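Here is a briefing on the structure shown below.

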Amino acid sequence: MAGRRQALKKPVKIVIDPVNRIEGHLKVEVEVSGGKVVDARCATGLFRGFEIILKGRDPRDASQITQRICGVCPTSHGTASVLCLDNAFGVKPTTNGRIVRNLILVGDHIWDHILHFYHLVALDYVKGPDVPPFVPRYDGKGIYKLPKELNDFGVKGYLKALDMRRIGHEMMAIFGVRGPHAHGLVVGGATVVPTTDAIVGYLWRLKEIEKFYDEIYLPTVYAVAKYYPEAFKFGVGCKNFLSYGVYPLDDNYSEYLLKPGVYIDGEDRPFNPDQITEHVRYSWYNDSISGLNPKEGKTPVPNLNKPSAYSFTKAPRYDGKPCEVGPLARMWVANPVLSRHASEFLGKKGEVRMRDFGERAFSVLGRLIARAEEGWLEVQAAKKWIMELKPGAPVYKKAEVPERAEGFACTEAPRGSVGHWIRIENKKIANYQVIAPTTWNVSPRDDVGTPGPIEQALIGTPVPDPKNPVNVVRVIRSFDP
Amino acid sequence: MSLSRRDFLKLCGGTAAGLSLSQMFIPELAEALEKKAATRPPVLWLQGAGCTGCSVSLLNTTHPKVAEVLLKIIDLRFHPTIMAASGEMALGVIDETVKGEKFVLALEGAIPVGANGRFCVIGEKDGKEVTIADAILETAPKAAAVLAMGTCAAYGGVQAAKPNPTQAMGAQDFLKKHGIKTPVINIPGCPAHPDWMIGTIAHVLLYGMPELDGYGRPTLFYGKVVHEHCPYRGFFDDDVYCKDFNDKEGCRYQLGCKGPDASCDAWKRGWNGGVNWCVRGATCIACVEPNFWDTEAPFYSNE
């Protein structure tokens, strides 16, 4: 009866601004009726004008500049940028160069998954200590459900994860030169020529992290899944997935560790970048730039007086549809074999794959599990790649800046698909367009009024107590916006 | 089931025990620092227009580790990437801290002043947008000091590069514009090195204001030109240059290295626990210098 009584109550509007423990500035507004979210809007609060600043600069500098879009996933932008420049300059790195680039990117993925789960997400499930910055926090009956022993294990994991994340960053910097903001990514390849000590230093750090994934991270994620089974039921989202593919396994880029692909309306399709458009009806840009493919894209200084607008983020669409990007999208599209922890969790004797989770994958927990499992897969792959390096062999091919050229490339950041487009004229950048992962996930409504992936995922989220909308932030953080 | 600070410290076990600042200070000082920090100073860490890279860099601190920094050295009340709370509950922490005892204001990211500051909204209070400019105006006058963490907070950074579409600026210029007299320490770098950030905090706690150079940077970390101390300097003097990135036996000047324009100690400190540093692995972009995005570009040429 309580449900009926709640349903009869007036809808409540909840504004969460800032949504913390994410990268950047995000405001989320939800309308709650009958104890559930019935409408949601995501608004980003930051505009810096990267695409304007890039114009007229030396194209080679794009790999430095675009890394500053995100200090949590700089090497993903750096990788997209150097691939885009390779494409425009007409150069392909050596085998060693390709592998070094993979090791840089995978290093960042491996530590970022740890950061996301432990330092951004975990405090929504694991009750932290009663000192700032762990208090104040949402509190109330039924919010923190782990038994004391497991909660302590979670807190310990949080601390251990600080060390593991740092070590992962060191691993990345061995080939990326430093982090955040790697100097080791340049058009034509990489800058660090592998030496034995670099290979050994990378491998031993990786082994330490592998142990952490196996003994602490993965078990904790599945423990959270066991004690919060309801989180398999909300945060469903649009069920459309996009993955650009990441980690080329050969020098022709014909095979990837996680293959590119699109999953729309329950169907698998090949990925075609021409199907991408960006809408701005609800963004603070004049409507004249709406509906363009990024190749032709424009980004002017925002018009903050536009009445329909509520976000600085554009609304990218694939074949007109909103698409979720990130670990769940990649793992759903590629559907690789998961760790033994997944088999145990699903109660299966043999191997299990991402799609064996079925409908449960489309959820808050589905995203957290996909992310941890992807990290495990990446650790295994990195172990192989590091041994494929040839000490002393070249990592770089010199290429001149072209007079005129166009380039496009895409790759995957830990949190999702990142695409870069460039047009070069007179050896300078004439146009540079970026679609960051968060642009896909946090996108506002598009020109026909369809809400973005996180906005859709929020619909139906249970909010029994409007003062403690913890499930709302659980949904948002599962995307790592 | 809630954990007290004491329980938490116990849980931390090996992690929090044995504070060591040995990389920067003699060991006895670690104890002194802990004593000084017994009443750990409240810190508000605000993020303006930036990328969160300096926060991630802070997490890379090795001695002390970041858990020790949070538990034993400072009382971090507000930090958007780390704190548990969101929304008005989070913004309330700022109001409360400003009302209380002296606190340190750490700023990461620039302050865009175009469009009345609306290019960077950090939250909403009583139905009204709070911009980073609003938040600085509210907090900075009452702060004991402002620590500008990274090049964006110090000098405007990448968003202030030409044509600076959002009219972004660093803390010092912003405070001057508004007649706010709170001392500012610039800790530039894109990102700032964790030792530079923690080291400056430690210096303030132990000895007060550090000596600053003409750009407001502690000379302890920014007092020496990279090129003059670079291990590849001998190659430069002998005119031996790397032909490309595969070639490591030479000076990186002809690859575009900006070491001659950069003042910092990365040449001896290294990055990420010392596994590498900019000139060793690639080239320097002089990211500690004001306006380096304009004055030092293009980064891969010195012609």
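In this predicted model, 71 residues of chain B are in contact with 74 residues of chain A. The side of chain B that touches chain A has 43 nonpolar, 20 polar and eight charged residues. The model scores ipTM 0.96 and pTM 0.95.

- Several elements of chain B each supply at least two residues of the side that touches chain A.
- The helices among them are H1 (5-12), H3 (53-59), H4 (66-73), H5 (87-99) and H14 (278-281) of chain B.
- Strands S2 (75-78) and S5 (121-125) of chain B also belong to this group.
- H3(B) gives the largest share of that side, with five residues.

**Domains of chain B**

- Chain B splits into domain 1 (5-221) and domain 2 (224-295).
- Their contact draws 14 residues from domain 1 of chain B and 13 residues from domain 2 of chain B.
- On the domain 1 side of chain B, seven of these residues are nonpolar, five are polar and two are charged.

**Confidence in chain B**

- The average pLDDT of chain B is 90, and 87% of the residues score at least 70.
- Where pLDDT is low, predicted coordinates should not be read in detail.

**Helix pair H5(A) and H6(A)**

- Helix H5 (residues 95-121) of chain A and helix H6 (residues 148-176) of chain A have axes that come within 8 Å.
- These axes cross at roughly 165 degrees, which means that H5(A) is roughly antiparallel to H6(A).
- The crossing of H5(A) past H6(A) is left-handed.
- H5(A) brings residues including A:Val100, A:Leu103, A:Ile104, A:Gly107, A:Trp111 and A:Tyr118 to the contact.
- From H6(A) come, among them, A:Gly157, A:Ala161, A:Met164, A:Gly168, A:Met172 and A:Phe175.
- The contact of H5(A) with H6(A) has 14 nonpolar, six polar and two charged residues.

**Helix pair H7(A) and H10(A)**

- Helix H7 (residues 196-227) of chain A packs against helix H10 (residues 364-388) of chain A at about 160 degrees.
- The axes of H7(A) and H10(A) are 10 Å apart.
- An angle over 145 degrees counts as roughly antiparallel, so H7(A) is roughly antiparallel to H10(A).
- H7(A) passes H10(A) in a crossing that is left-handed.
- On the H7(A) side, the contact includes A:Ile199, A:Leu203, A:Leu206, A:Glu210, A:Tyr213 and A:Val221.
- The H10(A) residues they meet include A:Leu365, A:Leu368, A:Ala372, A:Trp376, A:Val379 and A:Lys383.
- By class, the contact of H7(A) with H10(A) holds 18 nonpolar, one polar and two charged residues.

**Helix pair H8(A) and H10(A)**

- H10(A) also meets helix H8 (residues 327-334) of chain A, and their axes come within 8 Å.
- The crossing angle of H8(A) and H10(A) is roughly 70 degrees.
- Angles of 65 to 115 degrees count as roughly perpendicular, so H8(A) and H10(A) are roughly perpendicular to each other.
- A:Pro327, A:Leu328, A:Arg330 and A:Met331 make the contact from H8(A).
- A:Gly366, A:Arg367, A:Ala370, A:Arg371, A:Glu373 and A:Glu374 make the contact from H10(A).
- The contact of H8(A) with H10(A) divides into four nonpolar, one polar and five charged residues.

**Backbone geometry in chain A**

- A:Pro132 and A:Pro133 are joined by a cis peptide bond with omega of about 5 degrees.
- A:Val135 and A:Pro136 are also joined by a cis peptide bond, with omega of about -5 degrees.
- A:Pro133 sits in the loop between H5 and H6 of chain A, and A:Pro136 lies in the loop between H5 and H6 of chain A.
- A:Val177 is not a glycine, yet has a positive phi of about 85 degrees.
- The loop between H6 and strand S4 (185-186) of chain A holds A:Val177.

How values were computed: Residues are numbered from 1 along each chain as its sequence is written. Chains are lettered from A and ligands numbered from 1 in the order in which they are written. This is a predicted model: local features need pLDDT of at least 70, side-chain atom pairs count only at pLDDT 80 or more; totals for chains, interfaces and linings use all residues. Domain bounds come from an automatic or database domain assignment. Two residues are in contact if their C-beta atoms, placed from the backbone, lie within 7 Å. Ala, Val, Leu, Ile, Met, Phe, Trp, Tyr, Cys and Pro count as nonpolar, Asp, Glu, Lys and Arg as charged, and the others, Gly among them, as polar. Helices (H or I, at least four residues) and strands (E, at least two) are DSSP runs, numbered from the N terminus. pLDDT is the predictor's confidence in each residue, from 0 to 100. Axes are lines fitted to C-alpha atoms, for helices over the stretch in contact, and angles run from 0 to 180 degrees between N-to-C directions. Angles under 35 degrees count as roughly parallel, over 145 as roughly antiparallel, 65 to 115 as roughly perpendicular and the rest as oblique. A crossing is left-handed if the near helix is turned anticlockwise from the far one by less than a right angle, and right-handed if clockwise.
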